[in-house]
Amino acid sequence: MTTAITPDPQALWPKLGGSGDDARRGSNFRRSGRHGSTSLRVGVSVVWLSVIVLLPLAAIAWQATSGGWQAFWLSVTSHAALESLRVTLMISAVVTVINTVFGLLIAWVLVRDDFVGKRLVDAIIDLPFALPTIVASLVMLALYGHNSPVGLRLQHTAWGVGVALAFVTLPFVVRAVQPVLLEIDREAEEAAASLGANGPKIFLSVVLPSLLPALLSGAGLAFSRAIGEYGSVVLIGGAVPGKTEVSSQWIRTLIENDDRSGAAALSVVLLSISFVVLFLLRMIAARTARREEMAA
């Protein structure tokens with residue numbers, strides 16, 4: 001068998017009329033060109049991220065502390081602020097758990113099952129992304145208001161807020177899980193089935209570990225969206241203090257009362273909660289993915 005030998009471009013360069021030093025200079029030039037292009041892309045990305053994300057965050061943090069740390073603490077620990085946080089976190093957590101389960105189920109159906117209208121259902125999943133949230137609130141009010149055509153009167157109840165939040169956050173879980181489910185190798189499932197494992201056992205031991213990182217990421221995004229949602233709950237919730245008033249509605253009340261520092265302080269708390277939840281879930285997902293790669 002003949003082994004192909006790849007010639008060294010620097011060794012061939014003298015035969016083409018150049019010296020080895022010229023070849024090295026050409027290689028260094030190409031390498032520096034790639035580094036320069038990468039640096040330019042990174043620089044542009046950092047500048048754009050700073051203008052669009054970091055600068056507004058810095059501005060709201062500055063406004064939140066403009067009255068001093070004592071004023072900041074009083075704003076975020078007032079009875080109304082704590083009650084709105086309690087309602088927000090409790091409903092958002094329940095909605096996230098529900099959407100994690102049903103989002104996984106819907107993603108599974110869209111990937112593994114064939115049925116009439118599958119493409120239509122797949123397109124409808126993205127509707128909450130495109131629909132203005134105030135329109136979603138109007139829809140919820142028409143469907144679950146005092147004149148509910150289905151007999152469910154959820155206006156000014158925590159259930160109504162939960163349904164609205166479930167509507168706007170469902171796509172996050174479905175779209176996070178769906179592409180991973182498409183790429184899962186079916187041979188491992190078939191091997192487990194040939195060894196006598198039933199459907200639930202195959203799902204829990206073979207499929208779910210591979211889906212867990214994407215599932216956690218989708219759940220984190222859904223939770224973060226839920227705790228900051230305003231438009232979809234403004235009509236169906238009614239902002240009943242201690243019952244349906246979420247933090248975003250209390251922030252709106254503070255702004256209307258010209259307490260911008262208090263509104264900014266509570267906004268910083270919500271941002272911090274979202275960041276911590278996303279960061280922790282991403283870390284767990286990354287560790288789970290590494291364990292899966294090592295096991296494979």
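A pocket is an open set of points on a 1 Å grid over the protein atoms alone, with protein on both sides within 12 Å along at least five of seven lines; a 1.4 Å probe fits at its points, and lining residues have an atom within 4 Å of a point. Volume is the space filled by probe spheres set on the points, with grid points joined across faces, edges and corners.

The model is predicted: local features need pLDDT of at least 70, side-chain atom pairs count only at pLDDT 80 or more, and totals for chains, interfaces and linings use all residues. Residues are numbered from 1 along each chain as its sequence is written, and side-chain values use heavy atoms, with hydrogens and water left out.

## The chain

The chain has 13 helices and zero strands. Helices (H or I, at least four residues) and strands (E, at least two) are DSSP runs, numbered from the N terminus. Of the 296 residues in the chain, 33% are buried. Buried means under 20% relative accessible area, exposed means over 50%, and partly exposed lies in between (1.4 Å probe, protein chains only).

The accessible surface is about 17,900 Å², and carbon and sulfur atoms hold 67% of that area. These areas come from the Shrake-Rupley method with a 1.4 Å probe; for residues, only the protein chains shown count as cover. Contact means heavy atoms within 4.5 Å. Among contacts between residues at least 6 apart in sequence, 73% join residues at least 24 apart.

Rolling a probe the size of a water molecule over the atoms shows where empty space is left. Nonpolar residues are Ala, Val, Leu, Ile, Met, Phe, Trp, Tyr, Cys and Pro; charged ones are Asp, Glu, Lys and Arg; the others, Gly among them, count as polar.

| Pocket | Volume | Lining by class |
|---|---|---|
| Largest | about 440 Å³ | 15 nonpolar, two polar, no charged residues |

The largest pocket has 17 lining residues. Val 95, Ile 98, Gly 162, Val 163 and Ala 166 lie nearest its centre. Helix H4 (79-112) and helix H8 (158-183) each supply at least two residues of this lining. H8 gives the most, with seven residues.

The second largest pocket draws on H10 (199-227) and H13, each with at least two lining residues. H13 gives the most here, with six residues. The lining includes Ile 60, Ser 224, Ile 251, Ser 267 and Phe 275.

Ser 267 lies in helix H13 (residues 260-295). Ser 267 counts as buried because its relative accessibility is 15%. Leaving aside residues up to four places away in sequence, Ser 267 touches Ile 60 and Ile 251. Both of these partners also line the second largest pocket. Ile 251 is one of the buried residues of helix H12 (residues 247-256).

## Annotated segments

An unreviewed UniProt entry carries the annotation "transmembrane region" for residues 40-65, 85-111, 123-145, 157-177, 202-223 and 262-281. UniProt positions are given in the numbering used here, feature names are shortened, and annotations may be inferred rather than shown by experiment. In the model, residues 85-111 are 100% helix and 0% strand, with the end C-alpha atoms 37 Å apart. Residues 157-177 are 95% helix and 0% strand, and their end C-alpha atoms are 31 Å apart.

## Loops and backbone angles

Ser 78 sits in the loop between helix H3 (69-76) and H4. Ser 78 is partly exposed, with a relative accessible area of 25%. Ser 78 and Gly 262 are 184 residues apart in sequence, yet their C-alpha atoms are 10.0 Å apart in space.

Positive phi values occur at several places. His 156 has phi near 65°, a positive value in a residue other than glycine. His 156 is placed in the loop between helix H7 (133-144) and H8. Its relative accessibility is 33%, so His 156 counts as partly exposed. Ala 239, also not a glycine, has a positive phi near 55°. Ala 239 belongs to the loop between helix H11 (234-237) and H12. Ala 239 is partly exposed, at a relative accessible area of 28%. Just after H12, Asp 258 takes a positive phi of about 65°.
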